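This report describes how one chain is put together. The sequence and the model come first, and the text follows.

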Amino acid sequence: TPKSGLVVMGRKVRAEMCALSYVLDEPRTGPVVAIVGGDSLSAKVKLLDYLIDTVDKVAVAGSPGMTMLAALGRDMGCTKVESNMFGVALSLLRKAKRNGVDLVLPADVACGDILVDDKGVV
């Protein structure tokens, strides 16, 4: 907690922080896996950096995962990626490898205009 200044967070962020603190502060009886996604890697860098120091496995999805795949040279087509974050993405990947943390990226992505299941259009 900062010594000075105003700190404000919404209820959802507070709930996420409390849940994360609970999981990471309790004694561990097995591996801990974190799943991180969202709209941008730039908004998740500090969290990912912290998690790589703290948990056993990190699965990165959403735009952060797409940006990391693009940084590794994967063709992402029209998918939104933050090309200005490629260096940071590669740094996080190297850190995970150094720390023995399994950093899991999306292996398959499907996009479309309609949602279809085994019974047809949903």
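## Helix packing and the core in a predicted model

Lys95 sits in helix 4; helices (H or I, at least four residues) and strands (E, at least two) are DSSP runs, numbered from the N terminus. The model is predicted, so local features need pLDDT of at least 70 and side-chain atom pairs count only at pLDDT 80 or more, while totals for chains, interfaces and linings use all residues. Residues are numbered from 1 along each chain as its sequence is written, and side-chain values use heavy atoms, with hydrogens and water left out.

With a relative accessible area of 13%, Lys95 is buried. Buried means under 20% relative accessible area, exposed over 50%, and partly exposed in between (1.4 Å probe, protein chains only). Apart from neighbours within four places in sequence, Lys95 is in contact with Asp49, Ile52 and Asp53, where contact means heavy atoms within 4.5 Å.

**The chain as a whole**

The protein chain has four helices and five strands. Read from the N terminus, its elements run α-β-α-β-α-α-β-β-β. Of the 122 residues in the protein chain, 29% are buried. Among contacts with a separation of 6 or more, 60% are between residues 24 or more positions apart. The accessible surface of the protein chain comes to about 8,800 Å², and carbon and sulfur atoms account for 55% of that surface. Accessible areas come from the Shrake-Rupley method with a 1.4 Å probe; for residues, only the protein chains shown count as cover.

**Helix 4 and its two partners**

The axes of helix 2 and helix 4 come within 9 Å and cross at roughly 10°. Helix 2 is therefore roughly parallel to helix 4. Axes are lines fitted to C-alpha atoms, for helices over the stretch in contact, and angles run from 0 to 180 degrees between N-to-C directions. Angles under 35 degrees count as roughly parallel, over 145 as roughly antiparallel, 65 to 115 as roughly perpendicular and the rest as oblique. From helix 2 the contact uses Val45, Leu48, Asp49, Ile52 and Asp53, and from helix 4 it uses Val88, Leu92, Lys95, Ala96 and Asn99. These residues divide into six nonpolar, one polar and three charged. Here Ala, Val, Leu, Ile, Met, Phe, Trp, Tyr, Cys and Pro count as nonpolar, Asp, Glu, Lys and Arg as charged, and the others, Gly among them, as polar.

Helix 3 packs against helix 4 at an angle of about 90°, with the axes 9 Å apart. The two are therefore roughly perpendicular to each other. Thr67, Met68, Ala70 and Ala71 of helix 3 meet Phe86, Ala89, Leu90, Leu92 and Leu93 of helix 4. That contact comprises eight nonpolar residues, one polar and no charged.

Nine of the 10 residues of helix 3 (residues 62-71) are buried, so helix 3 is largely enclosed by the rest of the structure. The buried residues of helix 3 pack against helix 2 (45-54), strand 2, helix 4 (86-99) and strand 3 (102-104). After helix 3 comes Gly73, with a positive phi near 100°. In helix 2, the buried residues include Val45, Leu48, Leu51, Ile52 and Thr54. Their cover includes helix 1 (11-25), strand 1, strand 2, helix 3, helix 4 and strand 3.

Which residues of the largest nonpolar core touch the most other members? Of its 26 residues, they are Leu41, Leu48, Val58, Met68 and Leu103. A nonpolar core is a set of buried Ala, Val, Leu, Ile, Met, Phe, Trp, Tyr and Cys residues joined through side-chain atoms within 4.5 Å. Two or more residues each come from strand 1 (33-36), helix 2, strand 2, helix 3 and helix 4. Helix 3 gives the largest share, five residues.

**Contacts of single residues**

| Residue | In contact with |
|---|---|
| Leu41 | Leu48, Pro64, Thr67, Met68, Glu82, Met85, Ala89, Leu92 |
| Ala59 | Ala34, Ile35, Val36, Val104 |
| Thr67 | Leu41, Val81, Glu82, Met85, Phe86 |

Thr67, in helix 3, is buried, with a relative accessible area of 0%. Its C-alpha atom is separated by 9.0 Å from that of Thr79, 12 residues apart along the chain. Ala59 lies in strand 2 (residues 57-60) and counts as partly exposed at 22% relative accessibility. The C-alpha atoms of Ala59 and Gly37 are separated by 8.3 Å, and the two residues are 22 apart along the chain.
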